[in-house]
Amino acid sequence: MEELQNVVRDGGLAVSNLPEKGRCLLTTKNFHPGEVILRQEPYVCVPNNSSTVSRCDGCFASENLKKCSACQVVWYCGSTCQKSEWKLHRLECSALSRLEKEKRKAVTPSIRLMVRLYLRRELQNEMFIPTGVTDSYNFVESLVSHLKELDEKQLVLYAQMANLVHLILQWPEINLKEIAENFSKFWHLILHNEMQLACNAHTICDCELRPVGTGLYPIVSIINHSCLPNAVLIFEGKSSVVRAVEHIPEGAEVSIAYIDTAGSTMTRQKALKEQYFFTCTCTRCIKVGQHDDIQENAILEGYRCKDDRCNGFLLRDSDKGFTCQTCGLLRSKEEVKRIVCEITAISDKKLKSTSPGNHKEVISIYKMIEKLQMELCHPFSISLMRTQEELLKILMELGDWREALAYCRLTITGYQRVYPELHPLLGLQYYTCGKIEWLLGYTEDAIKSLTRAVDILRITHGTNSPFMKELVMKLDEAHAEASYNLSSKDE
């Protein structure tokens, strides 16, 4: 602990233990918006490869890849990345090559990450690679195991995964319980849909927040969650970067969001309890049950007033239905149930039966869902916003830019409601909007959107990444085009 304190002290930080939270990261100096609080390389990481998507193990690139000729599991974009990963992959490759071809198909990213965890520990123990205070297996050992919180079916799954890791490594000194405990430290298995949610493992995202890999970042794991965080976690390649999104005074706790915070208190609490095994007590969550919280929950996940002229929110009124809290109009539970059933039927049946690549059919279905949601839900409903996000995505794939722009502007209105002013998703949506506006020749509108994107993303992403340099260049080009258009009119 003392060595760790010495390391983080130079960065204006301190590790502390709070009775109600456990370990946390405190500031020992002021941090300003956009300032880097912490930067850390992963202890181990892997790309999120699947049967349809492959990425380079070294840089997570997805183009010009070649598969490792020996293990036939790992991909590289070139010799530079292959050489940079060779110390660790040399052992991994040998272990994977011993597996039968059919069993190699069962080696998921999470299995690989666990294998690499043990291999890195072995290389450090034998001093083939250096061990630092912040780059040590000791951090893994100090993480909390969640085996006690799991039910029998989940324990069986962890045991099966641990057995595969044991089969790959073939190290008799490592027992299955230890491997299963490590799995419980990093992932929570959701059995009904076979999902694995990161717990102390972090989902590595690209500059546009699209998941590309998974990594273990020991010091980042110390940072606690808040639904109103004062910092944001962004990745630059494999490097994790925590930046302040507001002024953080000396002595304050650094916090980031573990989940998407666009949801009601109940939804957020449920997600945190299921995935991270704790109940959030941040300033946003302690308002649960208060009038403002009830109103916000009803707007985000409840129903709209039947009167189109009224923008009120509805609350359940015993067995009768739902009453508008603004005009008092009642909406029967039978009507609500009917529309909910229609939406569910369309979502479950028609979306699943659409043929791949039939974008127009999918758009038609989503618009049917949107129409029903607009009839049922509040205009700021999360479910309506998610439907409009899907429509935006498909319309952009089709190149229907005018309609895409309309939906992009709708989602920005929703994002402004559910996210803080300096949230990366809001900044990225402004960036998308600006690019579409510029493409359609709306240069002045594009300048406004791109300027707003820069204002947000320079805080969350910094200013030196290739992504941000490209954004600033687009804004400069839009300004130059606007100036040229103005001068042409004067002539």
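Which strand and which helix do the buried residues of H1 pack against? Keep that in mind while you set up the view.

**Before you start**

This is a predicted model, in which local features need pLDDT of at least 70, side-chain atom pairs count only at pLDDT 80 or more, and totals for chains, interfaces and linings use all residues. Residues are numbered from 1 along each chain as its sequence is written, and side-chain values use heavy atoms, without hydrogens and water.

**Whole chain**

Show the protein chain as a cartoon. It has 17 helices and 17 strands. These are DSSP runs numbered from the N terminus: helices are H or I with at least four residues, strands are E with at least two. The radius of gyration is 25 Å, close to the 23 Å that the globule rule gives for 491 residues, so the chain is as compact as a globular protein of that length. That radius is taken over C-alpha atoms, and the rule is 2.2 Å times the number of residues to the power 0.38. Along the principal axes, the C-alpha atoms fill a box of roughly 70 × 70 × 55 Å.

The protein chain exposes about 25,000 Å², and carbon and sulfur atoms supply 53% of it. Areas come from the Shrake-Rupley method with a 1.4 Å probe. Buried residues make up 49% of the 491. Buried means under 20% relative accessible area, exposed over 50%, and partly exposed in between (1.4 Å probe, protein chains only).

**Stop 1: helix H1**

Select residues 2–9, which form H1. Leu 4, Gln 5 and Val 8 are buried here. Now the opening question: the buried residues of H1 pack against strand S1 (13–18) and helix H6 (137–142). Contact here means heavy atoms within 4.5 Å. On the face turned away from the buried side, find the exposed residues Glu 2 and Glu 3.

**Stop 2: residues 56–93**

Color this span next. An unreviewed UniProt entry annotates it as "domain: MYND-type". UniProt annotations may be inferred rather than shown by experiment. The end C-alpha atoms of the span lie 15 Å apart. Its content is 37% helix and 11% strand.

**Stop 3: Arg 120**

Go to helix H5 (residues 109–125), where Arg 120 sits. Is Arg 120 buried or exposed? Arg 120 counts as buried, at 17% relative accessibility. Show its surroundings. Leaving aside neighbours within four places in sequence, Arg 120 is in contact with Tyr 43, Val 44, Leu 88, Ile 129 and Asp 135.

**Stop 4: two positive phi values**

Most residues other than glycine have a negative phi. Select Leu 209, in the loop between strand S9 (202–205) and strand S10 (211–216). Phi of Leu 209 is near 65 degrees. Leu 209 is partly exposed, with a relative accessible area of 25%.

Then jump to Phe 277, in the loop between helix H9 (265–276) and helix H10 (291–301). Phi of Phe 277 is also near 65 degrees. Phe 277 is buried, at a relative accessible area of 19%.

**Stop 5: the largest nonpolar core**

Which residues touch the most other members of the largest nonpolar core? Select Leu 376, Val 418, Leu 457 and Leu 471, out of 55 residues in this core. A nonpolar core is a set of buried Ala, Val, Leu, Ile, Met, Phe, Trp, Tyr and Cys residues joined through side-chain atoms within 4.5 Å. Elements that each supply at least two residues include strand S16 (321–324), helix H11 (333–353), helix H14 (401–418) and helix H17 (466–490). A second, separate core has 47 residues, among them Val 46, Cys 56, Leu 164 and Leu 216.

Zoom in on Leu 457. Not counting residues up to four places away in sequence, Leu 457 touches Pro 424, Gly 427, Leu 428, Gly 462, Phe 467, Met 468 and Leu 471.

**Stop 6: distances to draw**

Start from Thr 52, in the loop between strand S4 (44–47) and strand S5 (66–67). Thr 52 counts as exposed, at 72% relative accessibility. Draw a C-alpha line to Ile 369: the separation is 29 Å.

End at Glu 296 in helix H10. Glu 296 is partly exposed, with a relative accessible area of 23%. Leu 471 lies 34 Å from Glu 296, C-alpha to C-alpha, and 175 residues apart in sequence.
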